[in-house]
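Please read this short report on one protein model with the structure open beside you. Take one heading at a time.

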Amino acid sequence: MSNRQEQPLLNDWFQNHGITEVECLVSDLTGILKGKIMPAGKYLNGGRPRLPDSIFIQTVTGGYPDDEDIRFWNPAERDMELVPDANAVYLVPWAEDPTAQIIHDCFYLTGEPVELAPRYVLKRVLELYAARGWTPVIAPEVEFYLVKTNTDSDYPLEPPIGRTGRQESSRQSFSIDAVNEFDPLFEEMYDYCEAMNLDLDTLIHEEGAGQMEVNFQHGDPLCLADQVVMFKRTLRETALRHGMYATFMAKPMANEPGSSMHIHQSLLDAKDGHNVFADADGRPSKLFHHFLGGLQRYLPSVMPLLAPNVNSYRRLMRTETSGSAPINVEWGMDNRTVGLRVPVSPPEATRVENRLAGADANPYLVMAASLACGYLGLMGRLEPRPPMVGSAWSGGNKLPDDIGPALDLLHDCQPLADILGERFIHSYLAVKRAEHRAYFQVISSWEREHLLLRV
Ligand SMILES: NC(=O)CC[C@H](N)C(=O)O
């Protein structure tokens, strides 16, 4: 069954698959799936689970920010009703009893949507585009590492053991055999993804030891953000079944490159479906340049959504092991040293690849943030700087180099708050600042190593 089904088909779909249980899912700010499990019968009879809106002000460690700002923006823990999106209904292919997993939208009992929900933040940006007669198209690429299981957080992660019984010890970019080391795992991953109608395009080996990348077929941003969320869950589960972990941390190992979530973006005319990023003569259009101008102007301010953790900025630091992680918001044709790569393509596929986001980011928020920056460029008719020809590495880091300064930039950018939602931005800032404080309370091995007997 296609994921683009209509609500009345839900009953039929449940019946065809003999569904007995439903997992009602909502992505929190981090991308962690929160929700409730229900018997299918109750669900089909109209039973709708409720959750408090505080799931959207929860930190990754399960705490809540404790400051004035958050109390102002979230004065009560209000109940929300979870409403299924009939286009986001998937099987749980690994479940013993036939189980559905359904992505839900959140509404207050008074009927208004909950502005704090990442999926809603993306929806409101898409509505702005729809009001102008434009349909954004996105193709995400997600990198990840397979690693040995690791149950003691004090120990660094290690590459897993493949079919040969060995660990990778050198760069194996694009090697088919290095992917096949994990054949049984990937066979199962493909089976699961097929059962869930996740539209994977390609799988490749990336630069790092045990690092892979999957590309998704381009399409509707909301549908693709749902798919990335479901893919992450599916892969983590598959890896566990094969005695490994799959991790989407942005920089899981100090001596290996980080993992990104690149997103290719184009814009269609909603009426006739033509790509408005190309002119009639096939050349990149004025709109394309304004979109790029918006990305250049506003991406530094939206970094906390693309690089949401302390760990995310370790990926973006230029070192011998940083690989091709970008450190700037320059653009260029067919150039992987810039943050905004414009691939050589036929006019109908004219697009920009935003290479800034880490694999650790929430896909709803990455797409919302990037499209919001482009939208501001379109509205303000911003012009980009001239394209970068050749290497952009030497220009220095043009992006915030840590989550703290990144949060300050987001705080100071009113145009982004107007688009993404004032209440969302303030809650997000409070949650991220609380996480940053919690991180600072941990004394690291570096401090014990270098400061213990020297200062
Ligand atoms: N294929 C690539 O471009 C590698 C990207 C790199 N791993 C990053 O983190 O950005």
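## The model and its numbering

This is a predicted model, in which local features need pLDDT of at least 70 and side-chain atom pairs count only at pLDDT 80 or more, while totals for chains, interfaces and linings use all residues. Residues are numbered from 1 along each chain as its sequence is written, and side-chain values use heavy atoms, leaving out hydrogens and water.

## An annotated span

UniProt, in an unreviewed entry, lists residues 20-111 as "domain: GS beta-grasp". UniProt positions follow the numbering used here, feature names are shortened, and annotations may be inferred rather than shown by experiment. Residues 20-111 are 12% helix and 43% strand. The end C-alpha atoms of this span lie 29 Å apart. Helices (H or I, at least four residues) and strands (E, at least two) are DSSP runs, numbered from the N terminus.

## Around the ligand

Which residues are around the ligand? They are Glu143, Glu206, Glu207, Gly258, Ser259, Ser260, His262, Arg315, Ser324, Ala325, Pro326 and Arg355. Each has a heavy atom within 4 Å of the ligand.

A side-chain N or O atom of Glu143 is 2.7 Å from a nitrogen atom of the ligand. Gly258 uses its backbone: a polar atom there is 2.9 Å from a ligand nitrogen. Arg315 places a polar side-chain atom 2.7 Å from an oxygen atom of the ligand. On its own, the ligand has 300 Å² of accessible area, and the protein covers 93% of that. Accessible areas come from the Shrake-Rupley method with a 1.4 Å probe; for residues, only the protein chains shown count as cover.

Where does the ligand sit? It sits in the second largest pocket. A pocket is an open set of points on a 1 Å grid over the protein atoms alone, where a 1.4 Å probe fits, with protein on both sides within 12 Å along at least five of seven lines. A molecule sits in a pocket if more than half of its atoms lie within 2 Å of the pocket's grid points.

Is Gln211 buried or exposed? Gln211 is buried, at 1% relative accessibility. Buried means under 20% relative accessible area, exposed over 50%, and partly exposed in between (1.4 Å probe, protein chains only). Gln211 belongs to strand S8 (residues 211-216). Its side chain makes a polar contact of 3.1 Å with the side chain of Ser259. Ser259 is also one of the residues around the ligand. A polar contact is a pair of N or O atoms within 3.5 Å; within protein, one must be able to donate a hydrogen and the other to accept it, and residues adjacent in sequence count only if both atoms are side-chain atoms.

Arg341 lies in strand S12. Arg341 is buried too, with 8% relative accessibility. A polar contact of 2.5 Å links its side chain to the side chain of Glu353.

## Two positive phi angles

Most residues other than glycine have a negative phi. Asn197 has a positive phi of about 60 degrees, yet it is not a glycine. Find it in the loop between helix H6 (183-195) and strand S7 (200-205). Asn197 is partly exposed, at 34% relative accessible area.

Asp334 also has a positive phi, near 50 degrees. Look for it in the loop between strand S11 (331-333) and strand S12 (340-342).

## Distances along the chain and in space

Val142 is in strand S6 (residues 134-148) and is buried, at 0% relative accessibility. Val142 and Asp360 are 218 residues apart along the chain, with C-alpha atoms 9.6 Å apart.

Val89 is in strand S4 (residues 79-91). It is buried, at 1% relative accessible area. Val89 and Ile263 are 174 residues apart in sequence and 24 Å apart in space, C-alpha to C-alpha.

Gly380 lies in helix H11 (residues 363-380) and is partly exposed, at 44% relative accessibility. Gly380 and Leu9 are 371 residues apart in sequence, and their C-alpha atoms are 43 Å apart.

Conventions
On a 1 Å grid over the protein atoms alone, a cavity is a set of points where a 1.4 Å probe fits but cannot get out, and a pocket is an open set with protein on both sides within 12 Å along at least five of seven lines; lining residues have an atom within 4 Å of a point.
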